[in-house]
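Subject: Structure handover

Hello,

Here is the structure you are taking over. My notes follow below it.

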Amino acid sequence: MSAEIEATAADSGAKATERFRSDKSSALAVSADRVSRLASRAINALVETVLEEKVTYEEYNALKTWLIQVGETGEWPLFLDVWLEHAVEEVANSGRAGSKGTIEGPYYVPGSPVLESPATLPMREDEPGTPLVFQGKVTSVAGTALAGASIEIWHADDLGFYSQFAPNIPEWNLRATALTDSEGFFRIHTVQPGPYQIPTDGACGQLIEAAGWHAWRPAHLHLKIAAADHQLITTQLYFTADKHLGDDIASAVKPELVLDPQDKADGTGREVTYDFVLATAQ
Ligand code: DHB
Ligand code: FE
């Protein structure tokens, strides 16, 4: 396990940047009108901050130095997903029926191994952490069970590290796509993730330290729930009693997304049930 400690912001940042480029940044088209409007507003917000706060040359150059470093270490996906994605998600999903969504974050990888339910996530023989059975049902808003719905799940290990972004973890560790059975049920065997800390050795970490903030996200499962003719949900689930539920640095916790796992009667870990309701495709 100690090898994971060698994880660096520059390494996970570079991988997150590469992942974003290959999945999402091809052929993006934003109209000139929108670019002009949005860029003007964003620049004006910075200009107003400078004028109102009477920003000095020293502070301006500290900002320049920092922005250059964010780019050099590939930390833009981390920065944006921590401090901005929650607002984009709020806009995207406002008024949508069914289960709540929240941010995707920088560590999603498409194409994880597809498993029938009950499924056990790929994990190491000595995978640390409390065993967790995560189960539930996927239905439409009308209450119809959705058979063959896919539940893509990915999460950090007990130490808060993600496979494919931290070193020395098998490729698909704690990542899979489970399919619901003929009655819409799924059951996934995994281990409870540890809380996640924004890498502290990079530019984002420097900002957090310089500002006197903390770097933690509460422990979470990431999920994408999809079924034919229904809207995809990208979400996360958290754990009750986590001390960072109230101050997630990524502002992505919602009260509907908190699990309360119970000890299993046979003493082999914990279990929790959570049902997903998918809105009809538009
Ligand atoms: C970040 C990491 C996460 O695991 C997450 O869920 C959201 C954001 C990040 O480091 O930016
Ligand atoms: Fe995460």
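Leaving aside its neighbours within four places in sequence, which residues is Ala7 in contact with? They are Phe161, Ala166 and Pro167. Please keep in mind that this is a predicted model.

Ala7 sits in the segment before α1 (9-24). The C-alpha atoms of Ala7 and Ala166 are separated by 5.3 Å, although the two residues are 159 apart along the chain. Ala7 has a relative accessible area of 23%, so it counts as partly exposed; the cut-off for buried is under 20%.

The metal site comes next. The iron ion (ligand 2) is coordinated by Tyr162 through OH and by His220 and His222 through NE2, at 1.9 to 2.1 Å. Along the sequence, the spacing of these donor residues is Y-x57-H-x1-H. Tyr162 is in the loop between β4 (150-155) and β5 (175-179), while His222 belongs to strand β9 (residues 221-226), so this pair ties together parts that are 60 residues apart in sequence. Tyr162 is buried, with a relative accessible area of 3%. His222 is also buried, with a relative accessibility of 3%.

On annotation, UniProt lists residues 134-162 under "domain: Intradiol ring-cleavage dioxygenases", in an unreviewed entry. In the model, residues 134-162 are 45% strand and 0% helix.

Regards

Notes. Residues numbered from 1 in each chain as written. Chains lettered and ligands numbered in written order. Predicted model: local features only at pLDDT ≥ 70, side-chain atom pairs only at ≥ 80, totals over all residues. Heavy atoms only, no water. UniProt positions renumbered as here; feature names shortened; annotations may be inferred. Helix = DSSP H or I, 4+ residues; strand = E, 2+ residues; numbered from the N terminus. Buried < 20%, exposed > 50% of the residue type's maximum accessible area, 1.4 Å probe, protein only. Contact = heavy atoms within 4.5 Å. Donors = N, O, S within 2.8 Å, 3.2 Å for Na, K, Ca; no water.
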